[in-house]
Each structure stands twice: as structure tokens, then as C-alpha cells.
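This briefing goes through selected local features of one protein model, grouped by topic. The sequence and structure come first, and the notes follow.

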Amino acid sequence: MMNLQGQTKGQAGQQATLNRLKKELDQAMACEASIPMEPGGWWHQYVCPTHHTELLFDELREDDGRYHCPYGCVLEGEPYHGAWLVYRHQLWARRSLKAAAVYAATKELAYGSYGRDIISAYAKQFPLYPVHPDAQPWMLKGRAFHQALTEAIWATTLLQAYLLLQDSGLAFGEAQADITQFISMLESSMEQYHHILTIERDQPENNYTAWLNAALSCVYAAKQDHAKLDSLLERKGGIRNHLEIAILNDGLEFEGSVYYHVFVLRAYLITVEMLKRFDIDGFEIKAEGSRHIEGMLDVLIRLAEEDGRLPATHDGPYGRMPYTLEIIEVFEKGLARYQKPEYWKLLNYYYETMGQGDSEALQSSEPWAYRNAGLEALLYRQWTGEEISLEDPPAASSALLPDSGFAWLRQAGNPLTAMVDFGPHGGSHGHFDKLNVMLSLNGKPVSPDRGTVPYGSVLKKSWYPATTCHNTVSVNGQSQQEAEGCCLSFVEEKAYTAMTMSVDGAVPGATLVRHLLVGADYIVDWYQIGLAEPGEIDWWFHFIGEPSVEGWDFNATPAALGQDNGYEYVRAIAKWSKSSSVSANEDIMARVTITGLEGGNSLSSAVALSENAEAYLVESPGLADDPSVMMKGVLVRTAGASADVAAVYAAGDKELDVRLQPLDESGASAEKKLTVRIGNELISYQLTADGIREMSI
């Protein structure tokens, strides 16, 4: 029971959150709307076919058959109506949980009755939904939705609300019979889906399984069925087994997608809540390495930007409000258990993304995690008066995740950092992006992984997984094949942090090796490509912001860079003009200064070009939350059986120079050295058995 009396800061914060939720519920209750009688479709189809952005959804707007794109497009009919219904059903389930939380805190019957009425209405309606006739053949079919997965997520919210209202002493009266039937039907269908997925399809590691486990845990908690809960704990694809097989040793979900990691972690945490009702501490269920709840939370801290945002690795949205709420939920729960100050960084960032349009929140000087707290904070936060850390959390540091194949390279004092993706492909949610490098400046992305759009967009399969969409190498106009790279060396020294990674099999017959070094105020990037036979090697560097145009010829570009594998979405807008005063054994360089970055930042870059290389400025569909906002980039195209592409990056507007030259001036050796000039500082690098290192003078 929540104590709202007194004047401590914590209780005042709880009261402000409670008032915010009451206001939202009052607005909803005033609309006199009811739950949809139609089942929902597939939310992935709620996307504009022209701009590839999710369509708008207004919680207080009733359905008029017209679904609006942020850019003014209006869509009608299916599949948009069915997809809208998914949002609507999920909204009603969330309203029931909001109402239950407010009733638990206040005992105001209006809110308890509202939550009870929603749950009762769905319990009565659920048997009338058929097994969805419009679901796609590959789906596990639901009743209230195309997908059983969506149904499991929706059902856990309703059952959490039901249990909370019961805990708070609210009786369901005559509606209890409908609810009992609803729970029984859910149990039967979720058990069937679990068997199909884990036994018939032999996919117990699937992220669906985590949600089927969560839904069944809620069912068993509602029925107080300890025996079936025990069975779920131990069976194939059950609670323990899924943790063992779906989570990697470093704590990340096996698909390498931060989005699906949060997705699975949220299901686990709902399951933990249900286990507590059987006096089982789910936080203590652990497997080898970091395969446990704390490890899954902590790996997100290691992967986060300095400002707290999470990268959109592999399949996953770059920004989306339902995803924001999921992140907030898992970290509010994690904070309540572990009280780690690092968690505040992520919470504060995602509460800020929620509050940008809130005039009241904008006027407050409190941290965003305080002024914009909502349902998750009311349910899970410990309102002690000291719940928000006033101290800065520990600074982000370099990190190597050898199992999932990600790393952050950071160096004290350097505002420029690099994240790399070198590990497993990621299964059906992986991208063809091995040795992808993502730069950030002052904790804000410069060249991020763009994530992906909903399945309803053609870009979901044709653009966002493609190698051309990432900052790595493609060959002969083809995307890489599924492959797993490895870390050859990872070194943290006082003066620099360096890494060498490689991958075989991404390009048939080719070896790709990439060396990175983060120094005091710059990053050096040296990519080596060797092919079995001569071909066309494309090195990509896409970025947010606007490039300088000095040195680029906007009248000398090819008609097309390629025909498919993502090339059809990339347009060359300028070509680098080579200088004629270059000696035969000296490479030249293309320079780009990037301005207009988030926070007013700018970045200088230079990339060395060999004699048989060309460089182009390109543009292509941007971040997955709005692909119509194009991203610019640099393409270095080299003809031959091998290529060395070297680049240097530095914060601000700096004069940079980068050269790849013979290591032995006599020409007796094929090895090269990399010489970098930053202002008046000149540094030479060579490749050693331990990777890229500064040459001794």
C-alpha cells in the first residue's frame, strides 16, 4: 500500500506522479469510449508506405477510418485499421493497469471500477474473437490479434491489473465467471503456443518464448497454481532454460539487438513479479556468466551512450514511444532492486524524450526522471525522498563484449568515441554489418546504426539490414553474407585505446580486418580488405549532420552506384576532386567537416585514397524513426584485389591530414605506414602483431 501522507520530497514526488496519472485517466473516462469489439491486426503495418514512418496515434481520438502520417499522408482501410486496433487494444490494457495503480494508492472507487470494467469487458469479449483468420501463415495465431506474441503482451498487462485490484481488495462480483473463463482460455492457448514453438518447431530460444512464459506466469499467479508454475520453471523453453539458451555469457540476448534484449528482459521482469507471489526470488535465478537479471540490466549500461540513450543495433527502432516506456519499465524495476546510480542515467534520458512536449515538465528544474515520472514510477519506484541521485553517475568507460561481439572504445579526455559490431550475425534479426563502426561525439551519435523500420515498410528487408546501410565494407555491389567476426586484440593504455577485429566469410574468399585507435583527441581507423580475385570494394561512412562541400564536384557523379542490395536507395551527390600534384607513391585524401550535429557539435574527418580509388558524397534513407530525413555519407570505391582505407576523425573544425605510405621508403616491402597530421602534430602508425600502434621515433 502506498503512503501518500506527509511532506518529504519522495512523497511529494509520488503525489505529483499520482496526480499526473489521475489527470490522464480522467480525460480517458470523460470520453465514454469502450473497448474495441474487433480483434487487432499486426502493429508492424501501421506505417506510411511513402515516408516509412509509423502513423500517428492519438490516445483520445476515436477511429474514423483515416490514419495519418506525420507528413500529411492519409491512409484508409486495411491493413492500417487492423494495425490501429493493436495500438487501441494495448492502450485499453495499459489504462486498466493505470486505474489499478491509482486505486491501490488512493482507494478512490471511480478508478478501481474503471479498471475492473475494462478487464471485465475484455474477459466477456475474448471468447467471441475467433482464432485470427487474417494472420500470416508463419505466425503463431492469436485471437485478439494476428500474433499470439502480441496477445501474450496484452494479456500480461490485463492480468497484472487484475491481480493488483484483487490485492487492493476490489471484488469482481458477477464478472468473475467471465474472468475465470478468460484466464482458462489464455492458459490453453498459451500452453499450445509454447508447445508448438519449443517442441514442434524446436525454437525454445525464440524471444516469443519469454513472453509466453510471462503470460503463463501471470495465468498461474491468477489461479494460484504452484504445480504448473514449478513445471514452467524447469521445462524445455521454460524460465530457467530460456535464460540459459537465449542470453549470451556477457548478458546480451543472442540476437544482438538492444531492442529485443529489452523486449525479453521486460518479459523476464514480469515473470519475476509473478514468481514473487510463490515466494520465489526470480532475481536469483542465474546461469553461467551474466545470464541473470542484473547482468542483463548492466550490459545495457555498458552499451549506452554517455547521455544514456541506447544504440539501435541490428533490428530495432531508433526511437519509438512504446519502446521508451519499455526501457523505463525495466530500469524502474531494476533500480528498485539494485539501487545502482548508473540506472538513473538511462531513466533520465528516456523520461526526457517523453517530456519534450510537456509544458509543465519543461518549466520544472527537477531531473526528468522526477518531473515526468508516470505509471512505472508509481508502481515500482521506492519513494524515499532520496530516490533521485544528485551525483553524476560513474563516467562511461571502454567495454568489450566478446560473446555478443560489441565494443566501445573510449579514452579519457577525448569527446569522440567509437562503438563496433564484430560478433555473431544475430539470427533472423541480424544485419549484414560485420566490422561496423559507429562514432559518437560528446555522448551523442554521429554515425549510428540506423536500426530498422516496422515490417510493413519495404525498407525493412531491402535497406536497413543491407551492408550499404552501415559503416563497413561491401564488395561487387553485394551485401555481406551471414558471418561472425572476432576480436584479435583489445588494449587499453593510458595514452590510447585500440582494437583489431576481423571477419572471414562475410564476403566469399575475402578477409576483412579493421584496426581502430582512440587517442587523446582523435580516432584512427584503418580497414584492410583482401579479395580472392579483383573486384569493386566499397567503404562506407554514413553520418548525421551536414558535410562541407569544399573539394567536392557536384557535377561529376555516376548515374547509379548499384541496382540492388541497398544500392538502389543510395544516391551519389558529389565526387572528390583529386589533386594532380600527387607523387606516384603517395596517396591522396578526401576531407569532410560535419556540422549541425546534436548539441551544436562538429566533426572533422579525412580519408586516404589510393590511386585506383574514387570518393563520393552520398545520401540515403536515415534513422529508422524517420527514414525520409536523409543521411549523408562518404563512399570510397576501390578497384582491385585489395585495398587499405584509412581515416582519421577529430572533434571540432580541425585541419587533418592522413597518408598511407610504404613502410620502407626503398619500396622493398609491401607493408604500409599511416601518417596522421592533426594541426601541427604529426604521428605515424604501423601494424604489429598486437594491432595498430604508434611508431617509435
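This is a predicted model: local features need pLDDT of at least 70, side-chain atom pairs count only at pLDDT 80 or more; totals for chains, interfaces and linings use all residues.

Does Lys 22 count as buried or exposed, and at what relative accessibility? Lys 22 counts as buried, because its relative accessibility is 18% and the cut-off for buried is under 20%.

- Lys 22 belongs to helix H1, which spans residues 9–30.
- With neighbours within four places in sequence left aside, the contacts of Lys 22 are Val 102, Glu 108 and Tyr 111.
- Val 618 is part of strand S18, residues 613–620, and is buried with a relative accessible area of 0%.
- Leaving aside neighbours within four places in sequence, Val 618 touches a list of residues that includes Trp 540, His 542 and Leu 561.
- Also among the contacts of Val 618 are Val 570, Arg 571, Ala 572 and Ile 573, as well as Met 631, Lys 632, Gly 633, Val 634 and Leu 635.
- From Val 618 to Glu 244 the separation is 374 residues in sequence and 44 Å in space, C-alpha to C-alpha.

**Helices H6 and H9**

- Helix H6 (residues 207–223) packs with helix H9 (residues 258–276) at an angle of about 20 degrees, and their axes are 8 Å apart.
- H6 is therefore roughly parallel to H9, since angles under 35 degrees count as such.
- The crossing in which H6 passes H9 is left-handed.
- On the H6 side, the contact is made by Asn 207, Ala 210, Trp 211, Asn 213, Ala 214, Ser 217, Cys 218 and Ala 221.
- On the H9 side, the contact residues are Tyr 260, Phe 263, Val 264, Arg 266, Ala 267, Tyr 268, Ile 270, Thr 271 and Met 274.
- Sorted by class, the contact of H6 with H9 holds 12 nonpolar, 4 polar and 1 charged residues.

- Helix H10 (residues 293–303) is mostly covered, with 8 of its 11 residues buried.
- The buried residues of H10 are Ile 293, Gly 295, Met 296, Leu 297, Val 299, Leu 300, Ile 301 and Leu 303.
- H10 packs with helix H11 (residues 321–338) at an angle of about 120 degrees, the axes being 11 Å apart.
- H10 and H11 cross in a left-handed sense.
- H10 contributes Ile 293, Glu 294, Leu 297, Leu 300 and Ile 301 to this contact, while H11 contributes Val 330, Phe 331, Gly 334 and Tyr 338.
- The contact of H10 with H11 has, by class, 7 nonpolar, 1 polar and 1 charged residues.

**The sheet S20-S21-S22-S23**

- An open sheet is formed by 4 strands in the order S20-S21-S22-S23, with antiparallel pairing.
- S20 and S23 (691–694) are the edge strands, each pairing on one side only.
- From one strand to the next, the twist averages 25 degrees.
- Strand S20 (residues 656–662) is joined to S21 by 7 bridges, and Leu 656 stands opposite Ile 678 in S21.
- Strand S21 (residues 672–678) is mostly covered, as 5 of its 7 residues are buried.
- S21 is joined by 5 bridges to strand S22 (residues 681–688), where Tyr 685 is the bridge partner of Leu 674.
- S21 and S22 form a hairpin with 2 residues between them, and Gly 679 in the turn has a positive phi of about 65 degrees.
- S22 and S23 are joined by 4 bridges and run antiparallel; Tyr 685 has Glu 694 as its bridge partner in S23.

- Most residues other than glycine have a negative phi, and most peptide bonds are trans.
- The peptide bond between Glu 78 and Pro 79 is cis, with omega at about 5 degrees.
- Pro 79 is located in the loop between strand S2 (74–76) and helix H2 (80–106).
- Asn 442 is not a glycine, yet has a positive phi of about 55 degrees.
- The loop between strand S6 (436–441) and strand S7 (444–445) holds Asn 442, which counts as partly exposed at 45% relative accessibility.
- Asn 476 also has a positive phi, near 55 degrees, in a residue other than glycine.
- Asn 476 is in the loop between strand S8 (473–475) and strand S9 (486–492), and is partly exposed with a relative accessible area of 44%.

How values were computed: Residues are numbered from 1 along each chain as its sequence is written. Side-chain values use heavy atoms; hydrogens and water are left out. Axes are lines fitted to C-alpha atoms, for helices over the stretch in contact, and angles run from 0 to 180 degrees between N-to-C directions. Angles under 35 degrees count as roughly parallel, over 145 as roughly antiparallel, 65 to 115 as roughly perpendicular and the rest as oblique. A crossing is left-handed if the near helix is turned anticlockwise from the far one by less than a right angle, and right-handed if clockwise. Contact means heavy atoms within 4.5 Å. Ala, Val, Leu, Ile, Met, Phe, Trp, Tyr, Cys and Pro count as nonpolar, Asp, Glu, Lys and Arg as charged, and the others, Gly among them, as polar. Buried means under 20% relative accessible area, exposed over 50%, partly exposed in between (1.4 Å probe, protein chains only). Two strands pair if DSSP finds at least two bridges between them.
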